[in-house]
Structure formats: structure tokens, C-alpha cells
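Subject: Structure for you, with notes

Hi there,

Here is the structure I promised to pass on. Could you open it alongside this message while you read?

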Amino acid sequence: MKTAVVILNWNGADLLRRYLPSVIAGTDPSLAKVIVADNGSTDNSIQLLNEEYPAVELLPFSENYGFAEGYNRAIAILAERFEYIVLLNSDVAVKPGWITPLIEYLDANPDCAAVQPKLLSDTRRSHFEYAGAAGGFIDRNGYPYCRGRIFNVCEPDNGQYDTTADVMWASGAALTVRSSVYLSCGGLDKDFFAHMEEIDLCWRMRLAGWKLAAVPASVIYHLGGGSLPAENPRKTYLNFRNNLLMLHKNLPDSTRRSTLLRRRLLDTIAWAKYVATLDFKNAAAIWRAHRDFARMRHNYDSMPRPAVDLIKGRPNILVQFYLRRRKTFDSL
């Protein structure tokens, strides 16, 4: 057995009780080991796992390291045992046999570092789910979008993206990655804590010469928003701050400054929209995100600068979505 399905949990006993049975039932035990890495939970998660799911391997941590560092620590421990690691969110249900196409694709494509399944919404199973849909891309301004999802518009799944495709990033909700590549590329950036950390890692893997793919023959159902609701100011803060950090880290000197300047202008518009709607908490979150980015970006000054701009020439999603009214990936 060369694959581990690792679920990172923090005070998520209710989600484990709801979703873990599906993962256990749908994962062939001859192909993958289901493991829960617990981020210092203070609820009854550990008791639940020990009493109701004794076959699931438990990897306990003494504190909450966040999504990024929690997985870093888990994979550092497990990498010697498993060639492939699946980073699976705790709010995911799977279709039986879901793991097989992912393993088979990595086995057949040694130049591919990571893959994702097709993500459908667990609350509206006829539609794609926000956090990855059928494979992710990044527009020229740094906005992530997907086959099946642009901004907050998730398309119905009519089989239109059922072909395997090379992608810019694969969803952290169900990221199957070569453990050696994960470690050699530095893993998830712990300073991100949560949100966009998998996109940053995928960008670094692409810069290192690896390919990534979406394999829609594998299907999962993702609840989404299991940690923070979409309009939570904490989520707004992390998304804006981490997007800026991601651009700063992964763009070459030739385009980094101009791209970040555009983002400052665009983020100012987003801030003004929150102010106009009297949503002062989210407006303040954007201000804090830019303040903290200005401080944190110097942490990366010693990193080697990328030589290529992987988002140059990509579509401008703002123009396509708001001006040309193109709401679907295949209409871009």
C-alpha cells in the first residue's frame, strides 16, 4: 500500500461522524490507508475516533497548527511509508472507487506531481463545488477560478468537464500529491495558516517543472465552508492577505510590482463595496490584509526569484465575468 488518505481535524467531531463513514466505505483498503491527523482538538474527536472508528489510524498533535502546518507535520511523518498522500478535507463524502483513478493517473504520468478529483457540492450534488470544481487556474490579476466555477457562480455538472486536463492548481479539499515532491517544494506555507495555501504550493510545483491534473473519473462531494462561512471577516482577511503573498512569492521581478499594483487598486474597489454596503468588518479585514502583507512580504526576501510568469497572458476574469457576462469556464 503506497497511498495514505489524511484527514486533518480540529474540533470536528460532528463532521467526522457525518463524513468519515463514507470515506472508509468508499476507499479500497488494499489501495489506501485512512488516517486522521488531529490538530489538538478539545472536543470529543479523539474519543469518537477511538471508540467508533478504531480501524482509522490516528496521528495526534498537541496543538492547532492550522491547515498548512498541520499537513506539513503529518506528511513529514508519513512520507517514508507512503508514496502518495491525499489531503482530504473532513467535510468530504466520496463515491466508491474514487481513489483508483487518482492513483492510476499518477502511476502512469511520472511528470505529474499532484491530481484532484471532480468536486461536486454535497448540498447540491448536481453542481460543482466552489473549492476546486473540475480543476483550477489563475487569471492575470491573481484571481483563482476553475473549470465549473468562476467567482461565486458554480455551474451544474452536465459532463462538460469530464475530460482529464492539465491545470494550474489542484484543490486542497482533495489533493493527491507525491509525498517526495510535496517535501522538496517546501510543503504548504505555514505563514498562510489557511486558505490559498494549496494554490501557492501548486504554483511552486509548476515552477519546479511539474505538471498537475484534474481527473474527473474520480468524484467527491464537498460541503465547503466547514471551517469558516464565505463572508466571515476572518476568511476575507486570509484570502486577501494570502493572495497577495502568493503573488509576491511566485511572480518574477519583471511583472511582480505591476501585478501587485493592479491588485491594490482592485482590492480598494472591493473595500469600497463593503463600505458602501455598511459591511465594515469585511472592509476592515481587507485593510488588515494589506497592512500585514506589507509586513510579511519581507519574510520571503531571501527566496530565489522565479524566472517565468505563469499567469501572464491568462484571461482577465473581472472583464470576462462582469463586462462580457461570461459566467462559465467554457465560455471564456
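First, the ground rules. This is a predicted model, in which local features need pLDDT of at least 70 and side-chain atom pairs count only at pLDDT 80 or more, while totals for chains, interfaces and linings use all residues. Residues are numbered from 1 along each chain as its sequence is written, and side-chain values use heavy atoms, with hydrogens and water left out.

Helix pairs

Helices and strands here are DSSP runs numbered from the N terminus (helices are H or I with at least four residues, strands are E with at least two). Axes are lines fitted to C-alpha atoms, for helices over the stretch in contact, and angles between N-to-C directions run from 0 to 180 degrees.

Take helix H8 (residues 253-276) and helix H9 (residues 280-296): their axes come within 7 Å and cross at roughly 160 degrees. The two are therefore roughly antiparallel to each other. For that label, angles over 145 degrees count as roughly antiparallel, under 35 as roughly parallel, 65 to 115 as roughly perpendicular, and the rest as oblique. H8 passes H9 in a left-handed crossing, meaning that the near helix is turned anticlockwise from the far one by less than a right angle; clockwise would be right-handed. On the H8 side the residues that meet H9 include Leu-260, Arg-264 and Trp-271, and their partners in H9 include Phe-280, Ile-286 and His-290. By class, this contact of H8 with H9 holds 9 nonpolar, 2 polar and 2 charged residues. Contact means heavy atoms within 4.5 Å; Ala, Val, Leu, Ile, Met, Phe, Trp, Tyr, Cys and Pro count as nonpolar, Asp, Glu, Lys and Arg as charged, and the others, Gly among them, as polar.

H1 and helix H2 (residues 45-52) have axes that come within 9 Å and cross at roughly 30 degrees. That makes H1 roughly parallel to H2, and their crossing is right-handed. Ala-13, Leu-16, Arg-17 and Leu-20 in H1 meet Ser-45, Leu-48, Leu-49 and Glu-52 in H2.

Nonpolar cores

A nonpolar core is a set of buried Ala, Val, Leu, Ile, Met, Phe, Trp, Tyr and Cys residues joined through side-chain atoms within 4.5 Å. Buried means under 20% relative accessible area, exposed over 50%, and partly exposed in between (1.4 Å probe, protein chains only). The largest core has 69 residues, of which Val-6, Ile-85, Leu-87 and Met-205 touch the most other members. Helix H3 (residues 66-78) supplies the largest share of this core, 6 residues. A second, separate core of 32 residues includes Ala-13, Val-23, Leu-102 and Cys-112.

Single residues

Leu-245 lies in helix H7 (residues 233-250) and, at 0% relative accessibility, counts as buried. Setting aside neighbours within four places in sequence, Leu-245 is in contact with Phe-192, Phe-293, Met-296, Arg-297 and Tyr-300.

Which residues other than glycine have a positive phi? Among them are Asn-11, with phi near 50 degrees, and Phe-193, with phi near 65 degrees. Asn-11 sits in the loop between strand E1 (3-9) and helix H1 (13-26), and Phe-193 in the loop between helix H5 (179-184) and helix H6 (197-207). Asn-11 counts as partly exposed at 28% relative accessibility, as does Phe-193 at 33%.

Best wishes
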